[in-house]
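This report goes through a single protein chain, from its overall make-up to selected residues. Sequence and coordinates come first, and the text follows.

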Amino acid sequence: MSRYVAITALAVAFVAVLAPTSALALSEQATLDASFSPNRLATPTTITFGFHLATTEGTAPPPLTGMNLEMPAGMNYTTTTLGLAICQPAALAAKGLAGCPTNSRLGYGSANVEVPFGTGSGHEIPEIQAVSGPSPKGNLTVLFYANGLYPVYAQLSFSGEVLPDTGRFGSQLATTVPLITSVPGGPDVSVLSVTSTIGPSHLTYYKHVHGRLVSFHPRGVSVPARCPRGGFPFAAEFTFLDGSHTSAQTTVPCPPARHR
């Protein structure tokens with residue numbers, strides 16, 4: 001039995017630190033990666049993040065039901081032009097990305113999933129799209145759309161909300177993950193890995209200027225103006241259907257002095 005996630009990853013490689021699970025939890029393991037492109041202080045960037053899930057027994061992990069991604073303090077969300085338009089969840093579920101305005105796109109990614117308790121290399125879901133959704137509480141809402149056709153057939157959407165955080169982390173993306181079946185009527189699949197971006201890389205927006213439709217690249221969330229000792233911290237906690245938890249951490253290195 002298993003579950004699919006997204007959010008839901010990144011041009012620099014980072015050291016992933018596995019956090020221990022509780023004594024009563026199953027033997028899930030997680031690693032986390034993150035990067036900024038460009039990695040320059042106080043500069044708009046594309047955030048790339050990714051994670052891998054496994055068990056010490058070599059089997060697929062249980063179904064994933066939630067993920068909280070914590071991001072560094074000091075990131076500037078006020079100047080971003082990402083998400084100038086809003087995609088309605090019903091339109092995304094019915095039509096996929098075609099149901100959303102172009103200016104609602106936030107990023108993209110992919111995933112690997114496996115039938116429960118399998119030992120194969122997994123099957124790719126090659127398309128994950130992130131778009132801006134309605135924000136009734138005033139927080140940025142990210143809608144994720146996953147599209148798999150073969151060998152795992154699945155089209156589903158789910159949402160994450162950017163919430164304030166404390167300490168080393170200034171915000172967190174809290175995501176609830178729905179179950180996904182391998183084929184209609186078949187068993188649920190396990191999530192092995194996900195990568196996704198949030199930022200302007202490969203995104204094109206459009207605006208009207210003097211009666212003409214003009215393309216432009218949106219402005220991303222800005223890297224913090226100061227880098228803490230040891231780099232920019234990221235952390236993620238994963239929750240599974242059986243009630244178990246695991247977590248992982250990683251760090252984006254401070255930019256070289258010439259880029260500060």
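## Overall make-up

Helices and strands are DSSP runs numbered from the N terminus, a helix being H or I over at least four residues and a strand being E over at least two. On that basis the chain has one helix and 14 strands. The model is a predicted one.

The chain has 260 residues, and buried residues make up 48% of them. Its accessible surface comes to about 12,100 Å², and carbon and sulfur atoms account for 56% of that area.

## Confidence

Mean pLDDT for the chain is 82, and 82% of its residues reach 70 or more. Over residues 1-26, pLDDT stays under 50. For this stretch the model has 119 contacts beyond four places in sequence. Where pLDDT is low, the predicted coordinates should not be read in detail.

## Strand 3 and its partners

Strand 3 covers residues 46-55. Eight of its ten residues are buried, so strand 3 is largely enclosed by the rest of the structure.

Strand 2, residues 28-37, runs antiparallel to strand 3 and is joined to it by ten bridges. Within this pairing, Ala30 has Leu53 of strand 3 as its bridge partner. Strand 3 is also joined to strand 10, residues 190-198, by six bridges, and these two strands run antiparallel as well. Here Ile47 has Ile198 of strand 10 as its bridge partner.

The loop between strand 2 and strand 3 contains Pro38. The peptide bond that joins Ser37 and Pro38 is cis, with omega about 5°.

## Aromatic pairs

The structure holds four aromatic pairs. In one of them, the ring centres of Phe51 and Phe238 are 4.9 Å apart and the ring planes are at 55°, so the pair counts as tilted. Phe51 belongs to strand 3 and Phe238 to strand 13 (residues 232-240), so the pair ties together parts that are 187 residues apart in sequence. Both partners fall under the 20% cut-off for buried residues: Phe51 counts as buried at 1% relative accessibility, and Phe238 counts as buried at 0%.

The rings of Tyr205 and Phe216 also pair, with centres 5.9 Å apart and planes at 85°, so this pair is edge-to-face. Tyr205 lies in strand 11 (residues 205-209) and Phe216 in strand 12 (residues 212-216), eleven residues apart. Tyr205 and Phe216 are both buried. Lys207 lies over the face of Phe216, at 5.0 Å from the ring centre. Elsewhere, ring pairs link Phe36, Phe232 and Phe234 into a cluster.

Gln129 is placed in strand 6, residues 123-133, and counts as buried at 10% relative accessibility. Not counting residues up to four places away in sequence, Gln129 touches Leu97, Arg105, Gly107, Tyr108, Leu143, Phe144 and Tyr145.

Thr80 is placed in the loop between strand 4 (64-72) and helix 1 (89-95). Leaving aside neighbours within four places in sequence, Thr80 is in contact with Arg219, Gly220 and Val221. The C-alpha atoms of Thr80 and Pro200, 120 residues apart along the chain, are separated by 9.7 Å.

## Positive phi in two loops

Which backbone angle of His202 is positive although His202 is not a glycine? The angle is phi, at about 65°. His202 is in the loop between strand 10 and strand 11, and at 67% relative accessibility His202 counts as exposed.

His210 likewise has a positive phi, about 55°, although it is not a glycine. His210 is in the loop between strand 11 and strand 12. Its relative accessible area is 82%, so His210 is exposed.

Terms used:
Residues numbered from 1 in each chain as written. Predicted model: local features only at pLDDT ≥ 70, side-chain atom pairs only at ≥ 80, totals over all residues. Heavy atoms only, no water. Phe/Tyr/Trp six-rings, centres within 6.5 Å; stacked < 30°, edge-to-face > 60°. Buried < 20%, exposed > 50% of the residue type's maximum accessible area, 1.4 Å probe, protein only. Lys NZ or Arg CZ within 6 Å of the ring centre and 35° of its normal. Pairing = 2+ DSSP bridges. Areas by Shrake-Rupley, 256 points an atom, 1.4 Å probe, with all protein chains shown as cover. pLDDT = per-residue confidence, 0-100. Contact = heavy atoms within 4.5 Å.
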